[in-house]
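Here is a quick tour of a protein model, taken one region at a time. Have the structure open and follow along.

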Amino acid sequence: MIRFASTDSRRETGNIKWDLQGPLPFGIADMDIESPPCVVDALQQRLNHRFYGYAFMTDELKKAICGYLTTMHGVQNPRLEWLHAIPGCVPAFTLAARTVCPRPEHEVMVCTPVYPPMLHCHEDAGCSLLQVPYIKVNGHWEFDWEGMEAAVTPNTRMFLLCNPHNPLGRVWSKEDILRLGDFCERHDLILCSDEIHCDLVLDDDLKHFTALNLPARQLNRVVMLSAPSKTFNLAGICFTFMAVPNPELLAAIRRIQGHTLPTLNVFAYAAALAAYRDGWEWHKQLIRTLRRNWQFLHDFIARELPGLKLCHQEATYLAWIDCSALGVESPHRFFLEKADVFLDDGARFGSPQSVRLNFATSPEILEQGLQAMHRAVQKLKSGS
């Protein structure tokens, strides 16, 4: 059963969303939904053990992840030795960039708008960033294949992908990923694919296609990243896995990592095992809940805020809203100051006239926030 947080139950808990993002927060990708009972039970059992020493990713957990990759995403014969645990996706793709782009002139290619840390991982890696904007085709975001071909250089070493896409909500098609695999092969690029939202596909007609399903000849250039954190609301527990089929590339990543990141704790491993092994009935309820919330959000904006533009939400619980029709300098600041509603600032993603709204909350909180946004826009239109 899906259990929502109330407006007060998460305050004063050291939570970024509810303690730092204002009265009505719809920012950071943190659901106002309790984690699955199977995860809570596993954590309680581990807590009751009373010994919290150094831990490692056991074969039991690796087998659960490999089984999940096959059952949920059709990966044929995933191997335990592909897997490497790390505290989060952000350090993971930064680590991949450090490994693949060791010199300042080396480039990471990324398409924009995109999840903000992807626009900054090159800074930690000491290399360069190459940005290619997505393009809209018949109201649908697409790769600019011609732009990518024109932009790539001999110094480009890695393509950083977000699939499903944050914040555009796109589920890149099998054809897209196969074409991207060919692009990376042709230009000798490592494909680092952040697939943390892969189990949040909301469109019944679509299916996530993982980079681990690229042809065998291209798997040696794939670094796939995923985690239970978004799907099962476990971001604060910090468990991510890399799947790297190329043993030499994985060894290089581990060597570059060295001692720069902490080992994961006992609770991270316990939570991940419970989620991947036992969380899928709860997951079905979650998807139904997110679909209902998305439909409510879509209908409200179409009816009450027609100047705001939504794309069709194929995946994730993060809606991308074009607010350019409002005519304000910063939509993020406008809604925060005039409606007490915190929305992620599109400028951080590379699109200053857009905002990102997290709709993984209770219907009551979602409606409260949308009504506040509506009142603010009405005042703006009336000049009051």
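## The second largest pocket

In this predicted model, the second largest pocket has 19 lining residues, and those nearest its centre are Arg-46, Val-266, Tyr-269, Ala-270 and Leu-273. The volume of this second largest pocket comes to about 390 Å³.

Which helices each supply at least two residues of this lining? They are helix H2 (37-49), helix H3 (59-73) and helix H9 (266-278). H9 gives the most, with seven residues. Sorted by class, the lining of the second largest pocket has twelve nonpolar, three polar and four charged residues.

Now for the largest pocket, which holds about 920 Å³ of space. It has 41 lining residues, and Ile-28, Ala-29, Lys-230, Ala-235 and Gly-236 are the closest to its centre. Helix H4 (residues 89-100) provides the largest share of the lining of the largest pocket, and that share is three residues. By class, the lining of the largest pocket splits into 22 nonpolar, ten polar and nine charged residues.

What about enclosed space? Rolling a probe the size of a water molecule over the atoms shows where empty space is left. Searching the whole structure turns up one cavity of 30 Å³ or more. The largest cavity has a volume of about 40 Å³, and its lining is made of Pro-228, Ser-229, Leu-234, Ile-237, Cys-238, Phe-239, Ala-268, Ala-271 and Ala-272. Eight of these lining residues are nonpolar, one is polar and none is charged.

## Helix H7

H7 covers residues 174-186.

After H7 comes Asp-188, with a positive phi near 55 degrees.

## Helix H8

Helix H8 (residues 247-257) has Leu-249, Leu-250, Ala-252, Ile-253 and Gln-257 as its buried residues. Down the axis of H8, they too fall within an arc of 160 degrees, so they line one face of the helix. Pro-247, Glu-248 and Arg-255 are exposed on the other side of H8.

What covers the buried residues of H8? The cover includes strand E2 (83-86), H4, E8, strand E9 (222-226) and strand E10 (240-243).

Arg-356 sits in strand E14 (residues 354-358). Is Arg-356 buried or exposed? Its relative accessibility is 4%, so Arg-356 counts as buried, the cut-off being under 20%. Leaving aside neighbours within four places in sequence, Arg-356 is in contact with a list of residues including Phe-26, Asn-166, Pro-167, Trp-320 and Asp-344. Arg-356 and His-332 are 24 residues apart in sequence, and their C-alpha atoms are 8.9 Å apart in space.

His-122 belongs to helix H5 (residues 121-125). At 14% relative accessibility, His-122 counts as buried. Beyond its neighbours within four places in sequence, His-122 is in contact with Cys-127, Ser-128 and Leu-129.

Most residues other than glycine have a negative phi, and most peptide bonds are trans. A few spots here are worth a look on that score. The peptide bond from Asn-163 to Pro-164 is cis, with omega near -5 degrees, and a cis bond also joins Asn-166 and Pro-167, where omega is about 20 degrees. Pro-164 lies in the loop between E7 and H7, and Pro-167 is found in the loop between E7 and H7 as well.

As for phi, Arg-50 has a positive value of about 75 degrees although it is not a glycine. Arg-50 lies in the loop between H2 and H3 and is exposed, with a relative accessible area of 68%. Asp-340 has a positive phi too, near 60 degrees. Asp-340 sits in the loop between helix H11 (331-339) and strand E13 (341-345) and is partly exposed, with a relative accessible area of 40%.

Terms used
Residues are numbered from 1 along each chain as its sequence is written. This is a predicted model: local features need pLDDT of at least 70, side-chain atom pairs count only at pLDDT 80 or more; totals for chains, interfaces and linings use all residues. Side-chain values use heavy atoms; hydrogens and water are left out. Helices (H or I, at least four residues) and strands (E, at least two) are DSSP runs, numbered from the N terminus. The expected span of a helix is 1.5 Å times one less than its number of residues. On a 1 Å grid over the protein atoms alone, a cavity is a set of points where a 1.4 Å probe fits but cannot get out, and a pocket is an open set with protein on both sides within 12 Å along at least five of seven lines; lining residues have an atom within 4 Å of a point. Grid points are joined across faces, edges and corners, and a volume is the space filled by probe spheres set on the points. Ala, Val, Leu, Ile, Met, Phe, Trp, Tyr, Cys and Pro count as nonpolar, Asp, Glu, Lys and Arg as charged, and the others, Gly among them, as polar. Buried means under 20% relative accessible area, exposed over 50%, partly exposed in between (1.4 Å probe, protein chains only). Contact means heavy atoms within 4.5 Å. The arc is that of the directions from the helix axis to the C-beta atoms.
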